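Please read the following briefing beside the sequence and the three-dimensional view. It is meant for a reader who is meeting this structure for the first time.

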Amino acid sequence: MARILYSTLEKYLSPQRLNKYRFPAKNNKSRTLKLYQANLVVSSSFYPLLSVLEISFRNSINEVLALHFNDSDWIVNQQNGFMSDNSLKLRNFYLKNEVNKATRQIRRNSGQLTSGKVIAEQTFGFWTSLLEPYHFRLIQGKTLNAFPNRPHGFGRSDVLRELKKIQKFRNRIYHNEPVCFQNNQIDFSTAIEIHQTILEVLSWINPDLGIWLKDLDTVSDKIRISKLI
């Protein structure tokens, strides 16, 4: 049965994908399947944390920039404001283009354009880019106000560094990539580190977020079980 199951998965998941797990599993097919399953379980356990972090992060940024520009529709109106600054030409006006793209998509789908819909369409990378120096300067560093409880002395580059770690890990999960090994060795250390980083960043936004998530946070338990394979 295990042999048939492996061949079935190999057919639908592709040999190339499963081979990523075969090497850390010492070429043992049964262990390969267990490792693949463990990766799915651990990856899925991150979803509540990543979801709350992403939504809280974007809404916090939106709140501080709405206050900064005195405009709840800043994300639409600033297409002709700081998003069009000449200094961003080398960046291909990334923010402006992303807002334009979202606007076109929303109008195609419903015809009813609101700032809330434009905000919801933006990627994690859109929001982290507001902490890049070329955007940060244009908005007078206001994005740091989205993290009122960050450690003393933590500045733009510190916050951005931690967010980019999370973003890289998030992308691995969302693109169905392994998070359970490194250098062909079963290794959950990165997952453990990112779990802690997510909780820390949430606490910088508001400590109550992590407390509220406690009952939904199964990451440590899933990693502990997965290490036993």
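The notes below take up aromatic rings, a helix, a pocket and salt bridges in turn.

This is a predicted model, in which local features need pLDDT of at least 70 and side-chain atom pairs count only at pLDDT 80 or more, while totals for chains, interfaces and linings use all residues. Residues are numbered from 1 along each chain as its sequence is written, and side-chain values use heavy atoms, with hydrogens and water left out.

**Aromatic rings**

- Rings of Phe, Tyr and Trp (its six-membered ring) are taken as a pair if their centres lie within 6.5 Å, and such a pair is stacked when the planes are under 30 degrees apart, edge-to-face when they are over 60, and tilted for the rest; the count comes to 10 aromatic pairs.
- Phe69 and Phe82 form a stacked pair, because their ring centres are 5.7 Å apart and their planes stand at 10°.
- This pair links distant parts of the chain, 13 residues apart, since Phe69 belongs to helix α4 (residues 47-69) and Phe82 to the loop between α5 (74-77) and α6 (94-109); helices (H or I, at least four residues) and strands (E, at least two) are DSSP runs, numbered from the N terminus.
- Phe69 is partly exposed, with a relative accessible area of 22%, whereas Phe82 is buried, with a value of 6%; here buried means under 20% relative accessible area, exposed means over 50%, and partly exposed lies in between (1.4 Å probe, protein chains only).
- The rings of Phe126 and Trp127 have centres 4.9 Å apart and planes at 75°, so this pair is edge-to-face, and both Phe126 and Trp127 are buried.
- One aromatic cluster is formed by Phe69, Trp74, Phe82, Phe126 and Trp127.

**Helix α4**

- How far apart are the end C-alpha atoms of α4? They are 33 Å apart, which agrees with the span of 33 Å that its 23 residues should have at 1.5 Å a residue, the expected span being 1.5 Å times one less than the number of residues.
- Just after α4, Asn70 takes a positive phi of about 55°.

**The largest pocket**

- The largest pocket has a volume of about 170 Å³; a pocket is an open set of points on a 1 Å grid over the protein atoms alone, where a 1.4 Å probe fits, with protein on both sides within 12 Å along at least five of seven lines, and lining residues have an atom within 4 Å of a point.
- Grid points are joined across faces, edges and corners, and the volume is the space filled by probe spheres set on the points.
- The lining of the largest pocket includes Lys165, Phe169, Arg172, Phe181, Asp187 and Ile194.
- At least two lining residues are supplied by each of α10 (156-174), β1 (181-182) and α11 (189-205), and the largest share, 4 residues, comes from α10.
- The lining divides into 5 nonpolar, 2 polar and 4 charged residues, where Ala, Val, Leu, Ile, Met, Phe, Trp, Tyr, Cys and Pro count as nonpolar, Asp, Glu, Lys and Arg as charged, and the others, Gly among them, as polar.

**Salt bridges**

- The structure holds 10 salt bridges, each being a side-chain nitrogen of Lys or Arg within 4 Å of a carboxyl oxygen of Asp or Glu.
- Glu98 forms a salt bridge with Lys101, their closest N and O atoms being 3.4 Å apart, and the two residues, 3 apart in helix α6, are separated by about one helical turn.
- Glu98 counts as buried at 15% relative accessibility, while Lys101 is partly exposed at 45%.
- Between Glu132 and Lys164, which also form a salt bridge, the closest N and O atoms are 2.6 Å apart.
- Glu132 lies in the loop between α8 (124-129) and α9 (133-136) and Lys164 in helix α10, so the pair ties together parts that are 32 residues apart in sequence.
- Arg161 forms a salt bridge with Asp158, with closest N and O atoms 3.3 Å apart, and both residues lie in helix α10, 3 residues apart.
- Salt bridges that share partners join Asp158, Arg161, Glu162, Lys165 and Glu193 into one network.
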